[in-house]
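Here are a few notes to read with the model open beside you.

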Amino acid sequence: MSTPQPFCLLQNRESYVACDWNLVDDAAGRHYWIEFFVRHLQTILKLGVDAATALGESPDSAIRRAAACTAEFNPIFLNFDSNPQAAGRVTILTLDTWRDQILRRHGFTDAFADLKARENQSALPLLPAVCGQIDSLAHDPLQQLTTVIQGVFAGNIFDMGADATAKIFLHQGPDFFQTRQALKKRPWLIDDFDRLADRLLSGPLHRKAVFFIDNAGSDFLLGALPMIRWLAQRGTSVVLAANERPTLNDMTIHDVNAFWPRIVEIEPSLETLPIQRISTGTGEPLIDLLAVSPELNQAIVDVDLVILEGMGRGVESNLRAAFKCDALNLAMLKDQAIAARCGGSLFDVVCRFR
């Protein structure tokens, strides 16, 4: 993979901070996240063991690898909790990086592969209905845009990195249409929708957008993809940006490319639209825009709209990032600590446009 480089649309890379929650200086926040990561590791490893045995590895071998992973993981995280000053600046993004590096060292490179496949399989048949509903509102552009944005929120509930939703999706996820119907009413926690609508519906058409996608399943197929389609149908070229490496249930560029033929088969309108699929070069649920792929930068030099979707990319990181062009953060808050830090509560939604 090419050497990472700063995202070329950052307004000021010298002042940019991907994640501003320094856990070294926040004992309560540090305790919360260390306890979460230690507990959540066991969910990841259970899925990883199941996936490995399904591929033919003996249960004893997979369980031994999981035990070795835990034995390396726990001391690193617990030591940071008890001796935070020894680690330098540490944020949730740092913890994500530590976790994923340890998992990969023990062979758990994509523990959520089977779950992602299951959720993609479940969501795909609903894509034409979601697109059809959006198309049926063409006579009412404001309601159409509202439906598009609400769909992004509803889809974003598929998140295996948050306590509030992980246990649900280990068995059977909630219904997309019911979730969209039950969304909190406006005004949302961060609500720039009126400004967004004025710019999108009354301002000049954006030439090109980059859309950083998040999770598999309903998030990508029923939330992000219909919005990408809506933008592209209006004449905006879209760069669909996805992780290079697997992490949690995030959709990688390889997942997207492998699934794309099935997507355009069931929703043929997508096949001829100006949508380009590019790797971000990254591999965490949050994203540090100081380290993206040169290929992404080459594809987005003429972008005039940046869209960061999901709690990790758009709230835990980059909520306050400044860009050289218009920018939109869209997310549902599925973690109580993140929601509290934003001054809200679980399942609040964020629509930040600047």
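1. Buried here means under 20% relative accessible area. By that cut-off T236, with a relative accessible area of 1%, is buried. Do keep in mind as you look that this is a predicted model.

2. Where does T236 sit? Its place is the loop that runs between α10 and β3 (237-242). The side chain of T236 reaches over to the backbone oxygen of H206, at 2.8 Å. Leaving aside residues up to four places away in sequence, T236 touches L205, H206, R207, K208 and A209, together with L231 and P274.

3. Next, please look at helix α10 (residues 218-233) and helix α11 (residues 253-266). Their axes come within 13 Å and cross at roughly 80 degrees. An angle of 65 to 115 degrees counts as roughly perpendicular, so α10 is roughly perpendicular to α11. On the α10 side the contact is made by F220, L221 and L225, and on the α11 side by V256, F259, W260 and I263. Which classes do these residues fall into? The contact of α10 with α11 has 7 nonpolar residues, no polar and no charged ones.

4. With a relative accessible area of 1%, F220 is buried. Not counting residues up to four places away in sequence, F220 touches I213, N215, L225, P226, L240 and M251, as well as V256, W260 and I263. M251 is 31 residues from F220 along the chain, and the C-alpha atoms of the two are separated by 7.5 Å.

5. Now turn to helix α1 (residues 27-54). How far apart are its end C-alpha atoms? They are 41 Å apart, which agrees with the 40 Å that the 28 residues of α1 should span at 1.5 Å a residue. At the N-terminal end, D26 caps α1: one of its side-chain oxygens lies 3.3 Å from the backbone nitrogen of A28. Just after α1, G56 takes a positive phi of about 110 degrees.

6. Last, the partner of α1 in this note is helix α2 (residues 59-82). The axes of α1 and α2 come within 10 Å and cross at roughly 170 degrees. Angles over 145 degrees count as roughly antiparallel, and therefore α1 is roughly antiparallel to α2. By class, the contact of α1 with α2 has 16 nonpolar, 5 polar and 3 charged residues.

Terms used. Residues are numbered from 1 along each chain as its sequence is written. This is a predicted model: local features need pLDDT of at least 70, side-chain atom pairs count only at pLDDT 80 or more; totals for chains, interfaces and linings use all residues. Side-chain values use heavy atoms; hydrogens and water are left out. Axes are lines fitted to C-alpha atoms, for helices over the stretch in contact, and angles run from 0 to 180 degrees between N-to-C directions. Helices (H or I, at least four residues) and strands (E, at least two) are DSSP runs, numbered from the N terminus. Angles under 35 degrees count as roughly parallel, over 145 as roughly antiparallel, 65 to 115 as roughly perpendicular and the rest as oblique. Contact means heavy atoms within 4.5 Å. Ala, Val, Leu, Ile, Met, Phe, Trp, Tyr, Cys and Pro count as nonpolar, Asp, Glu, Lys and Arg as charged, and the others, Gly among them, as polar. The expected span of a helix is 1.5 Å times one less than its number of residues. A polar contact is a pair of N or O atoms within 3.5 Å; within protein, one must be able to donate a hydrogen and the other to accept it, and residues adjacent in sequence count only if both atoms are side-chain atoms. Buried means under 20% relative accessible area, exposed over 50%, partly exposed in between (1.4 Å probe, protein chains only).
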